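Trainee: I have some questions about how the terms are applied here. Can we take them one by one?

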Amino acid sequence: MRFDTRLLHDHQRPDPFTGAVNVPIYLSSTFRQIAPNRNQGWVYSRSGNPTRAALEAAIGALESGAGGLAFSSGLGALETLLGAFPSGSRIVSVDDLYGGTWRLFEHHRRQFGLRIDYVDMSDLDRLRSALRERADLVYVETPTNPLLRLVDLDGAIALAHRARARFAVDNTFATPALQRPIERGADIVLHSTTKYLGGHSDLVGGALALRSRRALRDFAWLQNAIGAVPGPFDCYLALRGLHTLGVRMRAHEQSARAVAEVLEGHRRVERVHYPGLSSHPQHRLAKRQMSGYGGIVSVELAGGRRAALAFLRKLRIFTLAESLGAVESLVDHPASMTHASVPRAEREAHGVTEGLVRLSCGIEDPADLADDVRSALRGT
Ligand SMILES: *Cc1c(COP(=O)(O)O)cnc(C)c1O
């Protein structure tokens, strides 16, 4: 089956008891036991719930892994991932990261003695030299949040494995519709299902997909031990979102392209970041490792912070809000919102400036989004 078909049918069968085409929302925290420790496969909903299991199976399969695990948020998934790395472990991470990921890495560094090095991996030689020293995990976002930089997955995974480090990819921006890192050898894929997988700004959730059965078993143990699990209703919403992921990603991309083309070359724009533009420094890599360019466009406005704030005020269709990946267009000022937890000097050092604006292009008519951006630029 091809990907769009699998979104609806992989691991998703009508309910065996009733024939219901959707998985029921099993609002039950606990399950009757036939005798002490004899049950029908379900014990307690932190350890497992049938609605959650349906979501986990779907995400695991769509990411081409041995299985998946669902969490109460993307950061809940990350906390569980980090639970597998004891004090003294070393993580080599890409340097352009979601602000909350950076914050949790730094917390683990201070509280639990993790060693973390941030590396600009757009040049693999830098990763190669970072891996001269022992490392346990290489962690990347590609494309990154918010600068849309790419990491060459084939090259980076080969380097990590040669150094005997595991390789994890935050695949929130690309989604399995555009990029499946496990097929390229990655060990772990992380998602904020809050974003494209859910897709409708109506839930907060996270997921891991694991390449090996053994990792799946180990992380399932941690999932239950830590307990950052989603409720069945949110799992149902995430599953429903998954069904339309293919058509949504194509619509998001059309919108993003229309917006990026308005921004590119505009006299009030310093720089546009969108991997689908041939001017993006890694456009050819994007073409090679992704089957589409996604719906996020970042733009650095010529007039810095003042121009960015004026632009945000003038937009009519894009809603100023944290988050991304939803059917409605959202806009973010990373320096004061999603990336405010990263100290200013650190932020600016790798390009998250005060003039940077991140646009999550929704599935409205692309011409309306282009008009909205064009007229808001007039006010900057
Ligand atoms: C939002 C986001 C996260 C965190 O997910 P939450 O669901 O908000 O906890 C992690 N990575 C990326 C790339 C994100 O955009």
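Trainee: How do you know that β10 and β11 are paired, and which way do they run?

Mentor: This is a predicted model. Two strands pair if at least two bridges lie between them. Two bridges join β10 to β11, residues 330–332. So the pair qualifies. The two strands run parallel. Within the pair, Thr-319 stands opposite Leu-330 of β11.

Trainee: What makes β8 and β10 edge strands?

Mentor: Take the order of the open sheet: β8-β9-β12-β11-β10, with mixed pairing. β8 (269–273) and β10 (319–320) each have a single partner strand, so one side of each lacks a neighbour in the sheet.

Trainee: Which helix lies across β8, β9 and β12?

Mentor: Helix α10, residues 245–263. The helix runs at about 15 degrees to β9 (296–301).

Trainee: Why is the Arg-250 and Asp-4 pair called a salt bridge?

Mentor: Set the distance against the cut-off. A side-chain nitrogen of Lys or Arg must lie within 4 Å of a carboxyl oxygen of Asp or Glu. Here N to O is 2.7 Å. The pair therefore meets the rule. Side chains of opposite charge can pair when their charged atoms come close.

Trainee: How many salt bridges does the rule give in total, and how many between the domains?

Mentor: The total is 21. Between domain 1 and domain 2 the count is two. The domain assignment sets domain 1 at 3–243 and domain 2 at 245–378.

Trainee: What makes Arg-184 and Asp-154 a salt bridge, and which parts does the pair tie together?

Mentor: Their closest N and O atoms are 2.9 Å apart. The limit is 4 Å, so the pair counts. Arg-184 sits in the loop between α7 and β6 (188–192), and Asp-154 in helix α6 (153–162), so the bridge ties together parts 30 residues apart in sequence.

Trainee: How do you know how much area is buried between domain 1 and domain 2?

Mentor: The size of an interface is often given as the accessible area lost when the parts come together. For domain 1 and domain 2 that is about 3300 Å², and carbon and sulfur atoms give 57% of it. Leu-150, Leu-178 and Tyr-196 supply 23% of the area that domain 1 buries against domain 2, more than any other three residues.

Trainee: How many residues of each domain are in contact?

Mentor: 41 residues of domain 1 touch 42 of domain 2. The domain centres, taken over C-alpha atoms, are 25 Å apart. Across the interface, 22 residue pairs are in polar contact. On the side of domain 1 that touches domain 2, α1, α4, α7 and α9 each supply at least two residues.

Key:
Residues are numbered from 1 along each chain as its sequence is written. This is a predicted model: local features need pLDDT of at least 70, side-chain atom pairs count only at pLDDT 80 or more; totals for chains, interfaces and linings use all residues. Side-chain values use heavy atoms; hydrogens and water are left out. Helices (H or I, at least four residues) and strands (E, at least two) are DSSP runs, numbered from the N terminus. Contact means heavy atoms within 4.5 Å. Axes are lines fitted to C-alpha atoms, for helices over the stretch in contact, and angles run from 0 to 180 degrees between N-to-C directions. Domain bounds come from an automatic or database domain assignment. Buried area is the accessible area (1.4 Å probe) that two parts lose on being put together, summed over both. A polar contact is a pair of N or O atoms within 3.5 Å; within protein, one must be able to donate a hydrogen and the other to accept it, and residues adjacent in sequence count only if both atoms are side-chain atoms.
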